[in-house]
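Reader: I am new to this structure and would like a close look at one part of it. Please start there, and then show me how the rest is laid out.

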Amino acid sequence: MAKIKGNAISPTRREDYAEWYQQVVKAAELAEISPVRGCMIIKPWGYAFWENIQKGLDALLKAAGHANAYFPLFIPKSYLEKEAEHVQGFAKECAVVTHHRLEAGPDGSLVPAGELEEPLIVRPTSETIIGAVYAKWVQSYRDLPILLNQWGNVVRWELRTRLFLRTSEFLWQEGHTAHETSEEAWEETRRVLEIYRDFVENSLAIPVIAGAKTPGQRFPGAVETLCIEAMMQDCKALQAGTSHFMGQNFARASGIIYQSREGREEHAWTTSWGASTRLIGGAVMTHADDDGMVMPPRLAPAQVAILPIFRDPAGRRAVLGHAEGVAAALRRLDTAWGGKIEVVVDSREMNAGEKGWEWIKKGIPLRVEIGPRDMESDSVSVGRRDRSPREKYSLGREDFIASVPGVLREMQDGLFARARAFLEGHCREIDDPEEFRGYFTPKDPEKPEIHGGFAWSHWCGGRECEDRAAGDLSVTIRCLPPDREKSGPGKCIVCGGESPGRVPFAKSY
Ligand SMILES: [Zn+2]
């Protein structure tokens, strides 16, 4: 596989991490910037990855008793105004529809006409519209719980966009549940966080830290926000999923009232939770390397690419027939996670080296080359994406086919182990404020190198200390782990006040 010297992606992670990320997304054909400012086009390979994320997460949510439904894209402005904190939290990033018609203007342009009596907001999240509907659906405790999920899109106006990580429109799922008691709603909030942790760690192979957000970082209107936090290869944190306990705030705002078992009128207890196409960005920044994307085998759009090598039409027919035979045998096999192995036979007429590099950049777990010589010896030449692109091994056809489910499992586990070692290797207990400052300050402020990680330091619980860390160093407390007190008490890294245990501070996306 000639042509490429050094790495397939330029710049490398170390040279310019942000630009490397954009180049990987492009080279892997996951997404591109659209003509509409702030919005992305998800390309077939990226969308197939998203569909597998959907399938996996959807199955876990359904197994926990949730059903899917769909609610409107538009939310009347008055709905959004019902919950004061909620409206404050989202007001600055709302797209507002004020007209419902276009008319020809004098110069042939189109002019908005038919002003709406009440403006509509393109949903930034659907608590308020779903709350209004639940208020109609719920009369008695017998109507509870409601456990619904919605797959859809939302809009949060962004001026500085980054594909998958920050775009004005993104795809996600948002779950909204209503319960009879606080305990039930809490149980739901925790159950879904555990589903997210399970999915992100075991399917996306991204290790996370789970915990509760500090009051300052909660979802607008929530009583408590639980989250999972991952570490990217530039040592910044990425929030990978959130689950909110709303208490009765949204039930009060929307009027979700039920008659209790004792015949009293009570407000329901609600939760909401979401995970988005951001997970794709997280997978890129966790697993990709300087040669492109590295797909976790369990969610890869395909696990094996077969690359037939031929020189003339007659050779092409023979090799293609043989390659299809290998593909058919592979497609009959189950993966370690259930479901069949997905195989692509890439029969395009192009340079074999270039073709190989395309699949490396897309992150396909296994590349299999089959040429006339391999056919003669009934063997195949295999490249694994978790090894150097230049490393290949030859194996008898039957032996190779039998090995694939096990190799994919090994690669999946290997990716997770590598990411976990990275996370653990970039956690540091810091008690000295100067060391803390140094940890989060790049040596080259003009062109910051990769630095920092998760600083496990003490925090007194004061909002001011949190704000000061955020202001001075762009560092936030990622979460309050449930076993925080295990680390023992200490002194707040900012003010020196009493702290019951360490929390992870980090820069973040
Ligand atoms: Zn403090």
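Author: Helix 2 runs over residues 44-63, and its 20 residues should span 28 Å at 1.5 Å a residue; the C-alpha atoms at its ends are 28 Å apart, which agrees. The expected span is 1.5 Å times one less than the number of residues. Helices (H or I, at least four residues) and strands (E, at least two) are DSSP runs, numbered from the N terminus. The model is predicted, so local features need pLDDT of at least 70 and side-chain atom pairs count only at pLDDT 80 or more, while totals for chains, interfaces and linings use all residues. Residues are numbered from 1 along each chain as its sequence is written.

The buried residues of helix 2 are W45, G46, F49, W50, N52, I53, L57 and L61. Seen down the helix axis, these residues fall within an arc of 165 degrees, so they line one face of helix 2. The arc is that of the directions from the helix axis to the C-beta atoms. The other side of helix 2 has P44, E51, K55, A59 and A63 exposed. A residue is buried if 20 or more other C-beta atoms, placed from the backbone, lie within 10 Å of its own, exposed if 12 or fewer, and partly exposed in between. An α-helix has 3.6 residues a turn, so residues three or four places apart point the same way. Just after helix 2, G65 has a positive phi of about 100 degrees.

Helix 9 can be read in the same manner. Helix 9 covers residues 313-331; at 1.5 Å a residue its 19 residues should span 27 Å, and its end C-alpha atoms are 26 Å apart, which agrees. Its buried residues are V319, H322, A323, V326 and L330. Down the axis of helix 9 they stay within an arc of 100 degrees, so they line one face. Turned away from that side are the exposed residues P313, A314, R317, G321, G325, A328 and R331. Among the elements that the buried residues of helix 9 pack against are strand 15 (304-308), strand 17 (366-370) and helix 12 (397-425).

Next come the domains, whose bounds are from an automatic or database domain assignment. Domain 1 takes 29-75 + 123-287, domain 2 takes 304-423 and domain 3 takes 427-506. The C-alpha centres of domain 1 and domain 2 are 36 Å apart. Ten residues from domain 1 and eight residues from domain 2 form the contact. Two residues are in contact if their C-beta atoms, placed from the backbone, lie within 7 Å. On the side of domain 1 that touches domain 2, five residues are nonpolar, three polar and two charged. Here Ala, Val, Leu, Ile, Met, Phe, Trp, Tyr, Cys and Pro count as nonpolar, Asp, Glu, Lys and Arg as charged, and the others, Gly among them, as polar.

Last, the protein chain as a whole. The chain has 14 helices and 25 strands, and 43% of its 509 residues are buried. Among contacts between residues at least 6 apart in sequence, 69% join residues at least 24 apart. The C-alpha atoms fill a box of roughly 80 × 65 × 60 Å along the principal axes.
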